[in-house]
2 protein chains.
Amino acid sequence: MTQPPTDTQNETGIIHRVTRYKPHRSWRTWLIGHPMTTADAPHQTVSKVVGLAVFGADALSSIAYAPQEMLVILATGGTRAFGYAFPISLVIVALLAIVAISYQQTIHAYPNGGGAYTVARDNLGVLAAQAAGAALLTDYILLAAVAVSSGVAQIVSAYPALFPYRVLLAVGLLVFIAVANLRGVKESGATFSAPTYFFLVMTLLVVGVGFFRYLAGTLGGVVAPPPMNVAHGAQPVTLFLLLRAFSNGTTALTGVECISNGVTAFKEPRTRNAAQTMLWMSAILGVSFLGITYLLGVIGAVPSEEETVISQLARTAFGSRGLLYLGTIAATTIILILATNTAFAGFPNLGAVMAQDGFTPRQFAYRGSRLVFSYGIIALTAIASLLITIFRASVTALIPLWAVGVFLSFTLSQAGMARHWWRAGRAARASGTRGEPGWRWKLVVNGVGAVCTAIVTLVFAITKFRDGAWIITLLLPALVAGFFAVHHHYLNLAHDLSLENYGSPPRARRHRVIMPVSGIHRGTLEALDYARSLSPDVTAVHISIDPAQAEEVRRVWTEWGDGVRLVIVESPYRAFLEPFLEYVDGVCAQCQANERVTIVVPQFVPQRWWHSLLHTQTAFWLRFALLFRRGIVITEVPYQVD
Amino acid sequence: MTQPPTDTQNETGIIHRVTRYKPHRSWRTWLIGHPMTTADAPHQTVSKVVGLAVFGADALSSIAYAPQEMLVILATGGTRAFGYAFPISLVIVALLAIVAISYQQTIHAYPNGGGAYTVARDNLGVLAAQAAGAALLTDYILLAAVAVSSGVAQIVSAYPALFPYRVLLAVGLLVFIAVANLRGVKESGATFSAPTYFFLVMTLLVVGVGFFRYLAGTLGGVVAPPPMNVAHGAQPVTLFLLLRAFSNGTTALTGVECISNGVTAFKEPRTRNAAQTMLWMSAILGVSFLGITYLLGVIGAVPSEEETVISQLARTAFGSRGLLYLGTIAATTIILILATNTAFAGFPNLGAVMAQDGFTPRQFAYRGSRLVFSYGIIALTAIASLLITIFRASVTALIPLWAVGVFLSFTLSQAGMARHWWRAGRAARASGTRGEPGWRWKLVVNGVGAVCTAIVTLVFAITKFRDGAWIITLLLPALVAGFFAVHHHYLNLAHDLSLENYGSPPRARRHRVIMPVSGIHRGTLEALDYARSLSPDVTAVHISIDPAQAEEVRRVWTEWGDGVRLVIVESPYRAFLEPFLEYVDGVCAQCQANERVTIVVPQFVPQRWWHSLLHTQTAFWLRFALLFRRGIVITEVPYQVD
């Protein structure tokens, strides 16, 4: 398995050993594949056609839930309110256009990838960057939870018998995607192109056939509509209600930023290719969203947990639950799973970038055996699974938690870009040059983008506050505070452990050794021998629960203890740990700065795993209890029977 | 909290320190009460009246489920088969008489308490004793599961809305009883007498009123009977069916042996008092059982998971769901909870006795801070909860697992007693004396008891085999094998660790120290200082995941490593543990018998608990990985920031 090591030793006593260690096959190999060396990291670029599939899947998939969630809110105003769906959609598509144009400029200004975190960090400072980081991390978690829940909702629409198992299905799918990502999914053409274009074809087919039959006058209403899912009972149609519907509809914009994060993955000229792909994607998204919303109004689709409106539209447009219907459902489900995968790409990467900046636990920056950021993948899976379980895989219940983070990151990104142009312009003026051509215009574009998305953030936070957005308005500041606490810890630690201005390590003067003794046998004597090799100052401590046993220990120690001091502590309440710790504390209280205390614990090593159940795990509990005490060294001396 | 220690030192350097350590208040104090010293162990004796309550609750409570479970089986033969219930009851009461008379003799022969385990151990040898132990332990577990399930069935009968929560209720009750027992329940008059006699009064009242109205001709059938719970669909009334109904009915005998286990608790003359109490209890049990079974036939009660037959009988006899009805249900529920408590008294005690004999893990013999055998209580709670959850708190589903163990322990106990008299007689004949008067007659009584209970054991095992008794017929031999494996382990260990024929501990000649180094900082240097104090032979090992970092480590080590050997192992797959373990294995492979290897791990000690989440727990994982390796000492040198 391992190459014979080749050692090179230099004159300073340092041996450089090259062993290309390769793990043996195990269940991990089977589950996530053979390990890959750091040099194996793949690097490939994608064309515009493939790029649209890889980075567009997330955004395009939102037409699977955004229209439905808009209708869920309108339903509380009665079916009459459904008429507002199309006008609201027009506003949303206008917003989409503004955001898309804004991001065009980010792509050109950040050819190495300009996520909201990077842009905010470069232009708005560390606080804004951490706010963007918090917003994006929650965004990814909710994307995973919503997309997989929506995917399961599609499956349940086609196979209603699966309705009771939707939470299980959703968590199962999530774990499946997580395992695939732990193996290291290549975001390549093969994985993404076929399903994304299949989805585009099916969506255009549904919309096309729907409009054709609508114009031909043969498109009827939904046959046997499912029971309506009304969020709050009948309410009058107020501006507030319309704003809430609008808020839900803005989830159509989620994922629009993906292309600007992934500019590096495009073939050269990469900024131009990425920008064009973004335009195409936004156009397709806008048209599909408008078309579907309009047709939903025509057929009188009903928002329901039991059948998605996409399913209702497909079976009404195609006139049956035939092959085309199943194709549409399958395509929608698959693109939602691809969207989930986007979260699995984004969350671990952002977590790693933030870990390198020292704001998240540094484990997030460790690459696993397959070169992926395993901690991030596992954290995402765990939290998203929890959300899915708590909210019973209901998209409607999850949506209010989502879009605040999305639009906050949009706002910070656009504000950062606006600041970028402002600085560029001021720098140009200061140096007397003209600077970047048209920076004033670009400042206006990003400025408008920032203002619009800021307004949407506020609208969303206010209108959805009671439905769950309050959780996010509490969570985001808490996360930012947490990031700074982590940062503070790492900085402190680095400072305190630094070798700068460090003369030489303090040599310990006196070394006291304490050894707990429960009974005296060969294992104890071996541990005693070890303890005496550490220091001449050894004390054996017997915690006495049974006076007869204490007498026996005293007798045998006189014979075998070789003159080592034995302290017997009576414990009438039969506690072992507490009196021992109290004794240790007493010794430590008398210690001076350069004195050292080592506890030598004789530990039984089982021959078979179940043997360890037959022994009190003193060493384990002692270690656990002493975890937070300072300056005490714990040594476990194993003993075993042959 | 702690008294000032008083030290006495003798000339051999042994210090005897008396600290009456008393734990501080914590959540444990709140939950299970203040600790008690070993000298606090209560000792009190009970009168016959109280003894009947304390030791009879278990046996008497069985009339809450035995008649119902008999009817469940008969129901498969159609309502016509219900007519067999009373004749079967007569056979069961005859069996009860035989067992009660047999146990009379055990009481007189074992005035210090003669449980089946003790009797089998003394008279039939270690294998029979372990079989009895296995049978009794499973018996106690099933007693707890059945009694608490039956108690919940009574509650559900009175409050049908609670039906969906019966598993939760049952587990909750069990945990409540477990906590009470961890506090240390005194099996005293106050706890047991009132509820037991309340139950007796209510039972006699139900039976009395029932018979009075029956004779007066005013007792009708059950109004609105619950849906019948038929186990296997309609079947012809065969001998096999009747034997199965008989088997279920024999659960009425469970708990009869309790008094013979608890002879020591009775006031003097204790054997006479215990024997008389046993007679009274058997008589009350027999009469109530016959009366209830007869009346159930008269009113046409229907066995059901949703309402117990006791509930049906009570509301029919009293004519309404009034106060008397609720009193009966409450009394029945409470006595079932007391019966559960019997399991909590029996299981931990037997577990402790067997642990002292070295057949169960010795933790079972440890007394907790409240003097109870905490491990036994927790084990019983866990296993019984699991059974309740698996079998959905259904008494009908649990019964087939139960009585094999009960009757096996009866059989072993009676056979042991028969052997006891046989030996006594033989010894008397050998010495030419008359011996114990009437030993022949006693031999016959216990012999008949043994044969009868053996037949019932077989009948039960065969007729209920497919319903679940097969689990027990597999489990009991497995348990016995497990007990012997545990015994074997302890014997081996004691032999191998024994100091007999042990010259002197082998002094280690060479001591190698290995220290993993990830980065070089003040913590590393302190650990290095410690490592060098152990031995001159120290090797630092850096597992290199990043070549740049390896270069940095090499550079800093040249300055700060003080000439200690550094080995750099390249790990291109970014694994840390495996290459390090491989290195350690390589070193150990070259070790001689009297060489010693210590691994010194610098370990970060967090200031706040959440800081530990920000660091890889290398020491922890290393310790876990090295757990089963022999002869390697692990030392954790803590470092922390101030």
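I began with the contacts of B:Leu253, where contact means heavy atoms within 4.5 Å. Leaving out residues up to four places away in sequence, I found B:Leu253 touching B:Ile92, B:Leu95, B:Leu96, B:Val99, B:Phe407 and B:Phe410.

I noted the ground rules next. This is a predicted model, in which local features need pLDDT of at least 70, side-chain atom pairs count only at pLDDT 80 or more, and totals for chains, interfaces and linings use all residues. Residues are numbered from 1 along each chain as its sequence is written, chains are lettered from A and ligands numbered from 1 in the order in which they are written, and side-chain values use heavy atoms, without hydrogens and water.

**Cores**

I looked up the largest nonpolar core. It has 137 residues, and B:Leu74 and B:Leu253 touch the most other members. Helix H6 (residues 126-158) of chain B gives the largest share, 18 residues. A second, separate core holds 136 residues, including A:Leu60 and A:Ile472. A nonpolar core is a set of buried Ala, Val, Leu, Ile, Met, Phe, Trp, Tyr and Cys residues joined through side-chain atoms within 4.5 Å. Buried means under 20% relative accessible area, exposed over 50%, partly exposed in between (1.4 Å probe, protein chains only).

**Chain A overall**

I counted 21 helices and seven strands in chain A. These are DSSP runs numbered from the N terminus (helices H or I, at least four residues; strands E, at least two). The radius of gyration of chain A is 32 Å, well over the 26 Å from the globule rule for 642 residues, so the chain is more spread out than a compact globule. The radius is taken over C-alpha atoms, and the rule is 2.2 Å times the number of residues to the power 0.38. The C-alpha atoms fill a box of roughly 105 × 70 × 55 Å along the principal axes. I found 55% of the 642 residues in chain A buried.

**Backbone checks**

I checked for cis peptide bonds. A:Glu268 to A:Pro269 is cis, with omega near -5°. A:Pro269 sits in the loop between helix H10 (258-261) and helix H11 (270-299) of chain A. In chain B, the bond from B:Glu268 to B:Pro269 is cis, with omega near -5°.

B:Ala393 has phi near 55°. It lies in the loop between helix H14 (374-390) and helix H15 (395-431) of chain B. B:Ala393 is buried, at 8% relative accessible area. B:Asp562 has a positive phi of about 60°. Its loop runs between helix H19 (547-560) and strand S5 (565-570) of chain B. B:Asp562 is partly exposed, at 47%.
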